Amino acid sequence: MKIVVVGGGAGGASFAARMRRLDEKAEITILEKTEETSIASCGLPYFIGGVIDNRDDMQVAKPAFLKQLFNIDVKLNSPVSEINPDKKIVITNNGDVYPYDKLVLATGAKPFVPAIDGIENLPHFVVKNLADADAIKAFIAQNKPKNTVVVGGGFIGVEVAENLCHLGIKTSLVEMAPQVLMPLDEDMATLIHKEMKRHDLSLYLSDGLQSVAWDGVILTSGKKVAADMLILAIGVRPETELAKKAGITLTEKVLLLPMNICKPTIPISMPVVTVWLSKILFPANRP
Ligand SMILES: Cc1cc2nc3c(=O)[nH]c(=O)nc-3n(C[C@H](O)[C@H](O)[C@H](O)COP(=O)(O)OP(=O)(O)OC[C@H]3O[C@@H](n4cnc5c(N)ncnc54)[C@H](O)[C@@H]3O)c2cc1C
Ligand SMILES: NC(=O)c1ccc[n+]([C@@H]2O[C@H](COP(=O)([O-])OP(=O)(O)OC[C@H]3O[C@@H](n4cnc5c(N)ncnc54)[C@H](O)[C@@H]3O)[C@@H](O)[C@H]2O)c1
């Protein structure tokens, strides 16, 4: 039995490890497009801020570990560009072909970056993987920015802003809702607003990004905020291009896996299916 998992993030890697526990003999391969598998996304903002200083600590389960402990083969730098369900193969950008009996798509989500007027005027970054964090760290080290604007007051925006403040960079956070961290009640968010201001963070609530100039951003309120660097943390969207291309039926929030592509013939206990489905179909990355 050949099991191919596309995506070696939290969902893909934990699915593969669980699969090994259920089937000792299966050939399990993870195809991951980046240079790392199973990174600690939650630590990325703190890696940027230098709170986590060892880059190695950001990789929870390296390929050698997955091979040694679970006999899982991980192929890095292997973006899958095509699925052929009839031939039961996937093909990577590099032209490598992997046959499968069972295929799992665990491609996660990608940062949402809308068209923004003038965005080319300022260096701007998203925070999704280690390469993004490396790029932000390198930019800060080389250019020593004085003012940063973080757009989006969700978890990523708030945590990145916290770390930019920690680095001593004057930081402004722009959030279109009346509070940061929308899942929190207003009274709890108020405490966070106070704490942010105590750390000299400038908070712009009920305001959005209108356009970008060479020396800062213009908000929908008309206010101008100085910036020599911009972080976009305005949400994520499911990474579904590959599934769409393969003709897999998608709905707004649910990725339906047709049985011919992924039929769990191996006896899988319900909790596993639930974990798997919740990771792949309902990641924290809701649109
Ligand atoms: C900065 C940041 C901080 C976070 N902090 C927290 C936190 O504190 N707590 C929390 O619960 N959650 C946190 N999250 C969210 C959490 O990381 C995600 O919910 C989780 O990683 C989702 O797992 P996943 O496997 O579905 O997707 P991902 O972890 O994104 O993995 C998907 C993988 O698929 C790969 N891939 C995509 N397309 C292809 C392709 N065509 N071929 C091959 N590989 C492909 C990607 O490179 C990626 O490695 C954070 C996320 C970020 C970005
Ligand atoms: N601690 C954790 O559990 C944790 C940490 C980091 C990330 N995550 C998850 O990662 C995913 C992505 O996080 P995120 O913070 O990017 O997304 P998010 O959707 O949680 O937050 C995005 C924020 O940006 C705001 N926004 C959108 N467009 C805007 C605009 N034009 N101007 C100003 N504000 C705008 C939204 O109102 C929202 O508050 C989420 O699912 C999140 O739950 C979780």
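Reply: Two strands are said to pair if DSSP finds at least two bridges between them. Helices (H or I, at least four residues) and strands (E, at least two) are DSSP runs, numbered from the N terminus. The model is predicted: local features need pLDDT of at least 70 and side-chain atom pairs count only at pLDDT 80 or more, whereas totals for chains, interfaces and linings use all residues. Residues are numbered from 1 along each chain as its sequence is written, and chains are lettered from A and ligands numbered from 1 in the order in which they are written.

Strand β4 (residues 80-84) runs antiparallel to β5 (residues 89-92), and 4 bridges join the two. Within this pair, Glu 82 has Ile 91 of β5 as its bridge partner. The hairpin of β4 and β5 has 4 residues between the strands, and Lys 88 takes a positive phi near 55 degrees there. On to β6 (residues 97-99): β5 is joined to this strand by 3 bridges, again in an antiparallel arrangement. Here Val 90 is bridged to Tyr 98 of β6. The hairpin of β5 and β6 likewise has 4 residues between the strands, with Gly 95 at a positive phi near 90 degrees.

As for the whole, the protein has 8 helices and 17 strands. Of its 287 residues, 32% count as buried, that is, with 20 or more other C-beta atoms (placed from the backbone) within 10 Å of their own. Among contacts (C-beta atoms within 7 Å) between residues at least 6 apart in sequence, 65% join residues at least 24 apart.

Turning to the ligands, a residue belongs to a shell if its C-beta atom lies within 6 Å of the molecule. Ligand 1 is surrounded by 30 residues, among the closest being Gly 7, Gly 9, Ser 41 and Gly 108.

Ligand 2 has 20 surrounding residues, with Gly 152, Phe 155 and Gly 235 among the closest. Helix α5 (residues 155-166) provides the largest share of that shell, 3 residues.

Note on methods. Buried ≥ 20, exposed ≤ 12 C-beta atoms within 10 Å, placed from the backbone. Contact = placed C-beta atoms within 7 Å.
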